[in-house]
Amino acid sequence: MAKPENSIIFISHAAVDNEIALSLKCHLQSALPGSDIFVSSDPEDLPLGDSWVQEILSALAKAKLVLALTTERGLSRRWVWFESGRTWFSGIACIPCCIGKVRKDGLPAPFSSLTAMNLDEVDELKTLVARCSEELNITANTTKDQLAKISEELIRLDIRAEERQRTLEDPFNSEMSREVERVMRGLGPGEKEALRILLKYGELTDRVAANKVRESGKSTNQLYFLNGLHDRTGWLQLTQMSPYPNVSREEDRFAILPRMRPYLTAWFERNRET
């Protein structure tokens, strides 16, 4: 079946999400033979020396469908909003494509008023391919097993993009992540649980933290945790000293240092069963 004149699918994305966009382009082209998919970070779509703004506007003018990668990173980029916003005035369909932490039912306005997809869910990805097939009048060629593999790949690429974003925001990200991994390997289950609980509640006394750890079943022997973790890791800050420090330190109150919270949160997300 011949493709119509305006058959471009335009993928709008943050620069740090370029691997996700290129992967989606590759798989959509495979599923929709003859489709023309524009990704501004692809050198074939935007060669060096070309007027990139004009090329983007030209591709938007020819687009039959705009897919906006509405990741946390994408939603913070003005160009994603600009490219998506142009569809409101041109009548082109725009589909917000969510991956990772951003879900279709939690999008901000005006994206929340559009029919969105969660690309890391196989059924949603199947729906997207079907919608692209309908918009471009091109018969789709894909299987459920292929869609499952694509979904898994997009999830991996989203994790990589998130790590790259953290590196851009913090040049010591890799070094700090390695330190957290190294120190965590030396901690016992009760100490790890104490850190997790402290992250959850924000601020606790050593006595309350110890009670919660014992309730979790992660430890029955250790009396207190936070004072020891404060000295061993350097990740905690003492926010209030026990009124009777010479008698007991169980009322010492601690919190996780703000700088360490994202690294420890990321560690617990990667090790949910630990």
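**Reading cysteines, helix packing and a sheet**

Me: How far is the sulfur of Cys94 from the closest cysteine sulfur?

Reply: That sulfur sits 8.2 Å from the one in Cys97, too far for a bond, since a disulfide needs two cysteine sulfur atoms within 2.5 Å. Cys97 has its closest cysteine sulfur in Cys98, at 7.5 Å, again too far. The disulfide count is 0. Bear in mind that this is a predicted model, where local features need pLDDT of at least 70, side-chain atom pairs need 80 or more, and totals for chains, interfaces and linings use all residues. Residues are numbered from 1 along each chain as its sequence is written, and side-chain values use heavy atoms, without hydrogens or water.

Me: At what angle do H2 and H4 cross?

Reply: Packed helices are described by the angle and the distance between their axes. Here H2 (residues 52-62) and H4 (residues 78-90) cross at roughly 35 degrees, with axes coming within 10 Å. Helices are DSSP runs of H or I, at least four residues, and strands are E runs of at least two, numbered from the N terminus. Axes are lines fitted to C-alpha atoms, for helices over the stretch in contact, with angles from 0 to 180 degrees between N-to-C directions. Contact means heavy atoms within 4.5 Å; among the residues making it are Trp52 and Ile56 of H2 and Phe82 and Arg86 of H4.

Me: In what order do the strands of the open sheet run?

Reply: Strands pair through backbone hydrogen bonds, parallel or antiparallel. This sheet runs S6-S8-S7, with antiparallel pairing; pairing takes at least two DSSP bridges. S6 and S8 share 3 bridges, and Glu203 stands opposite Ala255 in S8.
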